[in-house]
Amino acid sequence: MRKLALNDEILLEIESPARYIGGEVNSVMKDKAAVDIRFCMCFPDVYEIGMSHLGIQILYHLFNQREDVWCERVYSPWTDLDAIMRKENIPLFALESQEPVKNFDFLGITIQYEMCYTNILQILDLAQIPLRASQRGEEFPIVIGGGPCAYNPEPLAPFFDLFYIGEGETVYDQLLDTYKANRQAHGTKADFLRKAAQIPGIYVPSLYKETYNENGTLASFSPIEEGVPEKIQKQVVVDMTHSFYPKTLVVPFIKATQDRVTLEIQRGCIRGCRFCQAGMIYRPTREKDVERLKECARELILATGHEEISLTSLSSSDYSQLEELVNYLIDEFKSRGVNISLPSLRIDAFALDVMSKVQDIRKSSLTFAPEAGSQRLRDVINKGLTEETILQGARDAFLGGWNKVKLYFMLGLPTETEDDMKGIAHLAEKIAMEYYDTVPKEKRNGKVQITVSTSFFVPKPFTPFQWAAMYSKEDFLGKAKVVKEEIRAQLNQKSIRYNWHEADVTILEGFLARGDRKAADVIETAYRKGALYDAWSETFHWEIWMDAFKETGVDLDFYTLRERSTDELLPWDFIDAGVTKEFLKKEWKRAISEEMTPNCRMKCSGCGAGRYKGGVCVESKN
Amino acid sequence: MKVRIKFAKLGAMKFIGHLDTMRYFQKAIRRADIPIAYSEGFSPHMIMSFAAPLGVGTTSSGEYFDMQLAQDMPTREIVERLNGTMAEGMDVLSAVRVEDGKASKAMSLVAAADYRVTFREGKEFTSDWKEKLKEYISQPQICVFKKTKRSEKTVDIKPYIYQFAIQGDKIHLQLAAASSNYTKPEQVMDGFAQWLGIEQKPFSYMVHRQEVYADNGNEENHQFVTLESLGEEVE
């Protein structure tokens, strides 16, 4: 039996000890003496969240395919164990071997959202690894980051040795081979980093230097020595159908947030919503062949025993063979007690038909994401959803027996006016009226229940809105108040529930999303003062962060409230994410003038992702 | 056909709670491709029921659940298939066919269980407890303080202690385990420690459940038989 890193007394005292014992079905055990490279993959949040993430499962099984690599996992210890580990000086350990992470060759951290940045420092700190790369000697693991937040790695740059820009399936093999070769040649860590910098998609922050203008904006950003590339090019998988997909997934003992088989049907999105980072950085849209997906579904259900299978992608409705896939899954699995879940479906006749087969209509709700309350603002953000489409979808759904509707919006979008905010209330009211007009009294299954949720808009790098200003906390809350009061003024206000996201977390997210290297001091200071699990409302403390800004002298408003000029050098400009800056500028201008841009299948807009020669960019040419 | 599975939960598996253990076996059954029967209704679930919940921290080599199969399968094949997909520490020990029907439901059959209690290092009872055990168990009443969500009371657990014996450094307990008189081994040990006048440290014992029994006799004259023995292997 494996020896656990934590003793029984500790494990029986803390919440959910199964988070820390490893040994899950399909987790991989190897003989450590028989491998060359030990890689620890980390999702810097609690186990149940981290285990729900598909990306790690893909890379975990991809790495473990190699005989010379043993890839293990680690997640953030919850606050109860965190305190015990500090008190008893227990080093953070990987789940499989239960051995200290600090003895590994690599620590790979996936960076999925900004509010986990302090958790990254917790991982390093508990692992007894110095926080800053510059303080780490040869004995410490190479710390590498990847994921969507790596598209602006600068706020985290001092903490990482490397970043991986793009999709992990592509150049990791080359990176691992380079590491092995360097070690065989008795090279130092610095030697390895220099060689790694030559691999496409790999960014070595210590090999670059930035300077600032007097007004605080970036003046220059460049490599410190010759031979280091000036631009880092995003790596993508060109052929999704034949790219690696695991035949098995690790099955947690405790219920993960997403306790199911996830089947990735495509990567990227053709829509081009101007606020959406994923829609830009995962371009071009690449579909997986439906026969390959059927095979994966069968394999994964058998290998995991999960009772649910979920399709995952941005805008699933745009997958061209969706109908065939969904019907297959229903026929194959429904009788075997396997549920099918279909997030991000556009509500239309097909979606309603499928949903009536896979869910209990009385319990389920319909979800619309108009994102903005007026057609004018929906045109600004390039969300090609019209009011008539929404009302038609609602009408059909109400006739089909549904009576719960969820609506998602953003507040604080560029050019937003009070009319746009009020439009949110008016749209909710129209949907409520649609219910009472459409469904005769005797057929009604109680009142219609409409839930309106608003989040505050955060401009993200590599979107047409990357130059946009954010609002202050007071302004954000004022906007929510406008919506709230307008909803209360509607006839059917009793059928409409309204909730809004917290404003302070949003502002911080905005700062971290578009920050430069100076942000690293703020993150470290906040962490030292106790900030941790900032993504969790019960553990988020705004005052700690405010103290950290004060202490470091970094001006939060400079990063959030300021609209950038399109001439400004942005901290992430050295990354080539596929879409060109020219395209983003053009889209920013079109947004201001309320002009829509057609989706990739209707017409190519020349965003720049075409040079990858894959997916939707080559579809019509076949 | 209805099948009774006996399994062991060892090592790190003691940290997996009862509900998670149930979920674990549901997934294992699907991985092993056992033709289990599903309930009717919009969201069908597997027809299975567990015998006696085991607390977090306790290991066992005598856990049971029953499941209804939609098609017959040799019991040996069921064991092999399930063991082909177990996590380390979970072992399927046997499968037997049992009678259909509510009367033979594993959960309602449970009457008693055997436990082996060992002391964690450095947490052994200090005094001459081995000599005093006889005196303790021959009292007319063995009262322990019982705290539940609703009440705090002193109860006599003597009728529920069927065996309390020393086996080398270990203690053997056979205790009532029906839902009406379920008696925890920790409760018995704490009661004994208190009677001895020992201030017991937390996490003193390691408890291992060895077997779970049905009662073929009556209140006065118990005839405990293992749940496993109520069924038979089939080809």
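Mentor: One term before we start: a salt bridge is a side-chain nitrogen of Lys or Arg within 4 Å of a carboxyl oxygen of Asp or Glu.

Trainee: Okay, and what should I keep in mind about the numbers?
Mentor: This is a predicted model, where local features need pLDDT of at least 70, side-chain atom pairs count only at pLDDT 80 or more, and totals for chains, interfaces and linings use all residues. Residues are numbered from 1 along each chain as its sequence is written, chains are lettered from A and ligands numbered from 1 in the order in which they are written, and side-chain values use heavy atoms, with hydrogens and water left out.

Trainee: How many salt bridges are there across the interface of chain B and chain A?
Mentor: The rule finds 8 there. In one salt bridge, the side chain of A:Asp259 meets that of B:Lys27 at 3.3 Å, N to O.

Trainee: And how much area do the two chains bury?
Mentor: About 2,600 Å² between them, with 62% of it on carbon and sulfur atoms. Buried area is the accessible area (1.4 Å probe) that two parts lose on being put together, summed over both.

Trainee: Which three residues of chain B supply more of that than any other three?
Mentor: B:Phe15, B:Arg30 and B:Phe42, which supply 27% of the area that chain B buries against chain A. As for contact (heavy atoms within 4.5 Å), 27 residues come from chain B and 35 from chain A.

Trainee: Back to salt bridges, how many over all chains?
Mentor: A search of the whole structure finds 75. One joins the side chains of A:Arg136 and A:Asp161, again at 3.3 Å, N to O.

Trainee: Where do A:Arg136 and A:Asp161 sit?
Mentor: A:Arg136 lies in the loop between helix 5 (117-126) and strand 4 (142-146) of chain A, and A:Asp161 in the loop between strand 4 and strand 5 (162-164) of chain A, so the pair ties together parts 25 residues apart in sequence. Helices (H or I, at least four residues) and strands (E, at least two) are DSSP runs, numbered from the N terminus.

Trainee: New topic, helix packing. At what angle do helix 16 and helix 18 of chain A pack?
Mentor: About 40 degrees, with the axes of helix 16 and helix 18 (residues 542-552) of chain A 11 Å apart. Axes are lines fitted to C-alpha atoms, for helices over the stretch in contact, and angles run from 0 to 180 degrees between N-to-C directions.

Trainee: Which residues meet there?
Mentor: A:Asp504, A:Ile507, A:Leu508 and A:Phe511 of helix 16 of chain A meet A:Trp542, A:Trp545 and A:Phe549 of helix 18 of chain A. By class, that contact has 6 nonpolar, no polar and 1 charged residues. Here Ala, Val, Leu, Ile, Met, Phe, Trp, Tyr, Cys and Pro count as nonpolar, Asp, Glu, Lys and Arg as charged, and the others, Gly among them, as polar.

Trainee: What about helix 15 with helix 16 of chain A?
Mentor: The axes of helix 15 (residues 473-488) and helix 16 (residues 503-514) of chain A come within 9 Å and cross at roughly 130 degrees. The contact includes A:Phe476 and A:Leu477 of helix 15 of chain A, and A:Thr506 and A:Ile507 of helix 16 of chain A.
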